[in-house]
Amino acid sequence: MTPSDRDATGLLTRPDHFVQLVTPAGERRTDAEFDPWVADVDTAALGRLYRDMAIVRRIDTEATALQRQGELGLWPPLMGQEAAQIGSARGLRDDDFVFSSYREHAVAWCRGVSAADLLRVWRGSAASGWNPYDHNMAVPQIIIGAQALHATGYAMGAAWEGTDTATIAYFGDGATSEGDVNEAFIFAASFDAPVVFFCQNNQWAISEPVGLQSKQPLARRADGFGMPGIRVDGNDVLAVLAATRIALDRARRGEGPTLIEAVTYRLGPHTTADDPKRYRTEEELAEWGARDPLARVLTLLASTGFDTEALEREVAEEAGRVAAELRAAITTIPDPDAMTVFDHVYAEPNTHLARQRDHYARYLAMFDEGAAASGEGAAR
Amino acid sequence: MTTLTLGKAINQGLRRSLASDDKVVLMGEDIGTLGGVFRITDGLKAEFGAHRVVDTPLSEAGIMGTAVGLAYRGFRPVVEIQFDGFVYPGFDQLVAQVAKLHYRSRGTVRMPLTIRIPFGGGIGAAEHHSESPEAYFAHTAGLRVVACSNPADAYVMIQQAIASDDPVIFLEPKRRYHVKGEVDETASLADAKPMGVASVAAAGSDVTLVTYGALVQTARDAAIAAAEDGISIEVIDLRSLAPVDYATVEASVRRTGRLVVAHEAGQQGGVGAELAASITERCFEFLEAAPVRVTGHDIPYPPAKLEKHHLPDLDRILDGVDRALGRPNSLSGVEA
């Protein structure tokens, strides 16, 4: 039997033995080490974390629907990973810098990226949706794990400049098999780079279970690189927030990198082009559905006497507004002009490309002139 | 004017760039305390400190990828790849990240990296130490590829590469590191010939011989030898392989009507193939003969005892010139 024949995700990566502050049943657990880091999170603040998670879930379902309707070419859903993304992103300062993969829509939302800018790439209208320096968040990375090195280099630079800015790199469980991620661990540890490696172990790299990437919990790998590894319930927004704050604090104090493994689950497909029914079971889906990151927060809030019905009502309204904005944004994304394919290849003039651009412009102009001459513009 | 070796000229150019812009950082294996295996960064760590001249772990992807992050932060990293054949572990970061991030970010993120690669053979080295990887990079949109051939150019071009807002693959002809030449260290960079412009290394009228890097000297020697036979070769030092300064090459070919391109890299899909095709497209009516390529064979770089059979030398170049001129040559009588 090869690892890929396994139908389960593997014993070692079952969601036990991790830090958890809110159970799936909505009970608050105490943790002497983690609790002080979220002591400021009162019921109102917890309500805001719920709001974030609910809104990004709605963004996600709306974008998935837009893809099904042909408005987007592709969409990588984040459903199930809301706590991992919101808990970590809400731990960041504005001046911290984010390097993400392609699934961190919730992180982008927290960084203030607009609905239209979120969709631009997936509609195929632009190579990137936003200016990284407007949001201190790099353009998303498709090559698996490449951004871990970028984050490390950025962090090295921030430290050399004498700032206490931290950098966070988001990647999945599959990325931990890539050389780039391992090399990033080495560089970060060797140079005490103020970087947080935030691994969302969502159990599946498209169809490959995490057991194929690793024989042991991913957080344990940190030890071999000389940095702490924290394994946290990635569906517990409070625990994720605490873990991220701990790691960021280490980074700011010049103590170097931390690896966080947020144990979570991708409830949807890898992308809208994927069919997860081929590789995972209904039982597994149901098991993880019962660990939903949103439901447990509501239950916890209700147990404290918080008016969760009002919260749900308000959040549903706001999520509806955001979803409508998202849908409306589609119409504001223009199809790019043909000649923009040549833009930004180089920062400085390039004689070769200038000639190629000129030739293509002449080619396109032939059609305009032909249309003008024959009066058949629309027919072309 | 001072007399410097090509290696020392690069060292002086790096020193001047480090001194003029504190965002310039050098990164690589053994470049700090040791000064690099070729000593190109000799003395720079002592002068500028360990955060400006950074000894890295042995990881080419790591060097390239962290340099990307530093560029994101506003630094201008100068990366040393120890030997040409070691660039491949960093290839993905180079062609998928360094080359594309400006495009991918719609011009908002600059990647002003300089990737220094000692390239080419002729030093009797072991495997992976004598390669000519330039075509991979010339083929990659977003990268500029330049090669220096003499100390004066090396001194200026390394500074221009570092000052460029685009990523530049900076090829150093390692077998020419110890060749001396005059360098004007006082001249202003603003007045220097742009690194994208080719040089006429020797004027001539019968055939245009285009090359770059270490072979420029071999081509000049060939021109001197050919002159004894009454053949006038114009040698063009291409300097920039991407983009190519076609204006200079075209002007020469329009006069001579004949083109020979020489490089150490293999023939298939190479810089010479591109030049031959482009010049044919651009000035076919001026050509008296088909362009000729004199290149390394399409083989892995051979063992040191065989490299003289791989590298174009003076006689192979002259044979190519004979082919372009229709004179008796090694392929006389061979059907096309």
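This note covers the interface, domains and some individual residues of a predicted model.

1. Extent of the interface. The area buried between the two chains is about 3,800 Å². Carbon and sulfur atoms give 58% of that area. On the chain B side, the residues that lose the most area to chain A are Y72(B), R73(B) and R106(B), which together make up 20% of what that side buries.

2. The rule finds 3 salt bridges across the interface of chain B and chain A. One of them joins R144(B) to E348(A), with 3.9 Å between the closest N and O atoms. The cut-off for a salt bridge is 4 Å, so this pair, at 3.9 Å, falls within it.

3. Domains of chain A. Chain A is divided into domain 1 (3–332) and domain 2 (338–379). The centres of domain 1 and domain 2 of chain A, taken over C-alpha atoms, are separated by 42 Å.

4. A buried threonine. T244(A) lies in helix 10 of chain A, which covers residues 237–252. T244(A) counts as buried because its relative accessible area is 0%, and the limit for buried is under 20%. Leaving out residues up to four places away in sequence, T244(A) touches G87(A), S88(A), I168(A), F198(A) and I260(A).

5. Backbone points to check by eye. The peptide bond from A242(B) to P243(B) is cis, with omega near -5°. P243(B) is found in the loop between strand 12 (240–242) and helix 9 (246–256) of chain B.

D192(A) is not a glycine, yet its phi is positive, near 50°. D192(A) sits in the loop between helix 7 (179–190) and strand 3 (195–201) of chain A, and counts as partly exposed because its relative accessibility is 43%.

D30(B), also not a glycine, has a positive phi of about 70°. The loop that holds D30(B) runs between strand 2 (24–28) and helix 2 (44–48) of chain B. At 34% relative accessibility, D30(B) is partly exposed.

Conventions:
Residues numbered from 1 in each chain as written. Chains lettered and ligands numbered in written order. Predicted model: local features only at pLDDT ≥ 70, side-chain atom pairs only at ≥ 80, totals over all residues. Heavy atoms only, no water. Buried area = accessible area lost by both parts, 1.4 Å probe. Salt bridge = Lys/Arg side-chain N within 4 Å of Asp/Glu carboxyl O. Helix = DSSP H or I, 4+ residues; strand = E, 2+ residues; numbered from the N terminus. Buried < 20%, exposed > 50% of the residue type's maximum accessible area, 1.4 Å probe, protein only. Contact = heavy atoms within 4.5 Å. Domains from an automatic or database assignment.
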